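Please keep the sequence and the structure in view while reading.

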Amino acid sequence: FAPTAQQVQLQLRQPDLSIDMQKASDGSWSAQVQGDCDQRHYRFLAQGDETGFGTPVIDPYARCVTGHRGWGIVLADSKPLPPGPAFPLSDAIIYELHLRDFTLDPDSLIQRRGKYLGLAEPKRHLFGDPAISTGLDHLVELGINTVQIMPLCEFQNDEEQDAYGWGYDSVHFNSPEGWYSSRRHDSSRVQEFKQMVEALHQRGIRVVMDMVYNHTMEDRFAGQIYSFEGLLPGYYYRRKPDGSYFNGSGVGNEFRSEAPMARRFLIDSCRYWVEHMGVDGFRFDLMGLVDAATL
């Protein structure tokens, strides 16, 4: 969706190819590519008098990315996970965790420490004491039936340098974070995320994602353009009369959820995580910054 753009180009890799997209009367742009595009990398370049700033950006709807400044990856729609455990919401016993922190200690004997798959490992125990369970089995022993995991969407950390983060600096809402996957430049993050969810479901535990839809880390004035600001500047963020960002989030901007296409994106994103990735619920960070109608 880039109604103010005068030109939008689809850029593909493997092999490299650039295609001029066609604009429709509703402001959307599209292109058709012949052949099987599964696993191909792609991005967009929108240009116009007030659009794009010459910066290639990742599709906001991309279901997998190679990094917050990288490429989107085309993924064939895979079979959805079976439903999670069923019980009344009033019976939820919720445990919050940070995926990396919970699985990182070497003494836990978890093999894939700090990763999605680390939380899926059964039969792990404290080094030197088999009586003390760790990881997934520890959650089961606690008696909880719902785990709320701190943000797992692609966020603005330096994955190559293994820079630490809690995930509240979200950049791409529909792709799992690559920091937690075994490989970062292919679709491993998606498959391993689903394996983690399935492992928790099989032990009777629902999965709640902490979602940061109230802001992103985009700031066109600082040169941080990742998706929204490169396609339709000024639309997806609340602006003051002088053009600067409102900052109720405290990190630089607020997502303009009341705008029709922004609202549609947020709802489509939630539906995607539930229907295709097996997520059972959400915790909305700074819910007060999302308009009531959208919620």
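In which sense do β13 and strand β14 pair, and over how many bridges? β13 and β14 (residues 281–284) pair in the parallel sense, over four bridges. The model is predicted. Its protein chain has five helices and 14 strands.

**Strand β13 and its partners**

- On its other listed pairing, β13 meets strand β10 (residues 146–149), again in the parallel sense and over four bridges.
- V208 takes part in both pairings: V208 is the bridge partner of Q148, and in β14 the bridge partner of V208 is G281.
- Strand β13 covers residues 206–211, and six of its six residues are buried.
- R206, V208 and D210 point one way from the strand, while V207, M209 and M211 point the other way.
- In a regular strand, side chains alternate between the two faces of the sheet.
- Both sets in β13 are buried, the charged residues R206 and D210 included.

**The antiparallel sheet**

- Four strands form an open sheet in the order β2-β1-β5-β6, with antiparallel pairing.
- The edges are held by β2 (17–20) and β6, each with a single partner strand, so one side of each lacks a neighbour in the sheet.
- The pairing of β5 with β6 is antiparallel and runs over two bridges.
- Within this pairing, Y42 stands opposite G72 in β6.

**Helix α2**

- Helix α2 spans residues 135–142, and its buried residues are G135, L136, D137 and L139.
- An α-helix has 3.6 residues a turn, so residues three or four places apart point the same way.
- After α2 comes G143, which has a positive phi, near 90°.

**Two loop residues**

- E50 lies in the loop between β5 (41–47) and β6 (72–73).
- Is E50 buried or exposed? E50 counts as exposed because its relative accessibility is 62%, where the cut-off for exposed is over 50%.
- From C-alpha to C-alpha, E50 and I19 are 21 Å apart in space, and they are 31 residues apart in sequence.
- S227 is placed in the loop between β13 and α4 (228–231).
- S227 is buried because its relative accessible area is 1%, and the cut-off for buried is under 20%.
- Apart from neighbours within four places in sequence, the residues in contact with S227 are V57, I58, P60, H172 and E218.

**The chain as a whole**

- Along the principal axes, the C-alpha atoms fill a box of roughly 65 × 45 × 35 Å.
- Of the 295 residues, 52% count as buried.
- Among contacts between residues at least 6 apart in sequence, 63% join residues at least 24 apart.
- The accessible surface comes to about 13,700 Å², and carbon and sulfur atoms account for 51% of it.
- There are 28 positive and 40 negative side chains, and the centres of the two sets lie 3 Å apart.

Technical notes:
Residues are numbered from 1 along each chain as its sequence is written. This is a predicted model: local features need pLDDT of at least 70, side-chain atom pairs count only at pLDDT 80 or more; totals for chains, interfaces and linings use all residues. Side-chain values use heavy atoms; hydrogens and water are left out. Buried means under 20% relative accessible area, exposed over 50%, partly exposed in between (1.4 Å probe, protein chains only). Two strands pair if DSSP finds at least two bridges between them. Contact means heavy atoms within 4.5 Å. Accessible areas come from the Shrake-Rupley method with a 1.4 Å probe; for residues, only the protein chains shown count as cover. The place of a charge is taken as NZ of Lys, CZ of Arg, CG of Asp or CD of Glu.
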